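Please take a moment to look over the sequence and the model together before reading on. The explanation is meant to be followed with the structure open beside it.

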Amino acid sequence: MSSEIAQRDDQQAVATTQPAHNLPAPAPTEGSTALMQWAQEADLAYQMAQKLAATSFVPQSLRGKPGDITAAILAGAELGLKPMATLKSIDVIQGTPALRAHAMRAVVQKQGHEIELVESTPDRCTMRGRRKGSDNWQTVEWTIQRAAQMKLTDKAEWKKQPQNMLVARATGELCRLIASDALHGMAYVAEELGGIAHAEVAPAKAPLSVASLAPAPQPAPAADSDYSVQVGNGDWDHEAADDSVDWDHEQTGGAA
């Protein structure tokens, strides 16, 4: 009997000293691989944001906020924008990232969709657009009366720049209508959310397949430039026009 007990004890001892058969680690999925790559890109973007946070290249809404700058750069990358173009194109309005109107048009047009500015005056803006491959045009009209019904015209920028604000509103509505899938969740232009005009001052030559375009009631751009982009405080950002596909550079001679 004692020998049987000793034999069982020996068998148990051997069993406990044998290595366990561990299952192989699961192979990384496509989703996890993409997530790891995104995390690496986010880390690089944050390092870049720390260096840029205090510079004048960063808009006031992002200045000194490397975390927000990182998020903007990553969001811009999903839209096909390079980092410096992103900083000229995205504002954070009350915690919500939003594209400026000229940038939203650029993103939509880059996808092959068409946008035309038909009419622009201080009282009315008519734009039309169609999806790539479609024969059907969609038309959007914004009037000063419509803005007044929504109590927008009481705001400071609407009093100073009604024409540009109408263009921004029409831009957002039209882009959502014909190409919401191209906007990756940033469906509203910064001018809609914040009431600040970043709109272009149109050159004398027809830029955007314009059928009818009256001069904007804005300070004239510099003499050596056919057009500029206003950044909201009376200054003019000549470089921002380079990132917009709204204008025919061959006709207008390009930005200064």
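Predicted model: local features only at pLDDT ≥ 70, side-chain atom pairs only at ≥ 80, totals over all residues.

Residues are numbered from 1 along each chain as its sequence is written, and side-chain values use heavy atoms, with hydrogens and water left out.

In soluble globular proteins, nonpolar side chains tend to be buried together. A nonpolar core is defined here as a set of buried Ala, Val, Leu, Ile, Met, Phe, Trp, Tyr and Cys residues joined through side-chain atoms within 4.5 Å, where buried means under 20% relative accessible area, exposed means over 50%, and partly exposed lies in between (1.4 Å probe, protein chains only). The largest such core in this model has 45 residues, and Ile-69 and Leu-99 are those with the most contacts inside it. Helix 8, residues 162–179, gives the largest share of this core, with 9 residues; helices (H or I, at least four residues) and strands (E, at least two) are DSSP runs, numbered from the N terminus. If neighbours within four places in sequence are left aside, Ile-69 is in contact (heavy atoms within 4.5 Å) with Ala-49, Ala-53, Val-58, Leu-62 and Leu-87.

Thr-86 lies in helix 4 and is buried, because its relative accessible area is 0%. Leaving aside its neighbours within four places in sequence, Thr-86 has contacts with Ala-72, Ile-73, Gly-76 and Leu-81. Lys-88 is found in the loop between helix 4 (83–87) and strand 1 (90–93), and with a relative accessible area of 15% Lys-88 is buried. The C-alpha atoms of Lys-88 and Leu-99 are separated by 9.3 Å, and these two residues are 11 residues apart along the chain.

Turning to the strands, strand 3 and strand 4 pair in the antiparallel sense over 6 bridges, given that two strands pair if DSSP finds at least two bridges between them. A hairpin joins strand 3 to strand 4 through 3 residues, and Ile-115 has Gly-129 in strand 4 as its bridge partner.

How many salt bridges are there? The count comes to 8, where a salt bridge is a side-chain nitrogen of Lys or Arg within 4 Å of a carboxyl oxygen of Asp or Glu. One of them is formed by Arg-130 and Glu-114, whose closest N and O atoms are 2.8 Å apart. This pair links distant parts of the chain, with Arg-130 in strand 4 (residues 124–130) and Glu-114 in strand 3 (residues 114–120), 16 residues apart. Another salt bridge joins the side chains of Arg-124 and Glu-141, at 2.9 Å from N to O. Because Arg-124 lies in strand 4 and Glu-141 in strand 5 (residues 138–143), this pair ties together parts that are 17 residues apart in sequence. Arg-124 counts as partly exposed at 31% relative accessibility, and Glu-141 counts as partly exposed at 40%.

Lastly, there are charges over rings, which require NZ of Lys or CZ of Arg to be within 6 Å of the ring centre and within 35 degrees of the ring normal. Arg-128 lies over the face of Trp-137, at 3.8 Å from the ring centre, and the charged end of Arg-146 sits over the ring of Trp-142, 3.9 Å from its centre.
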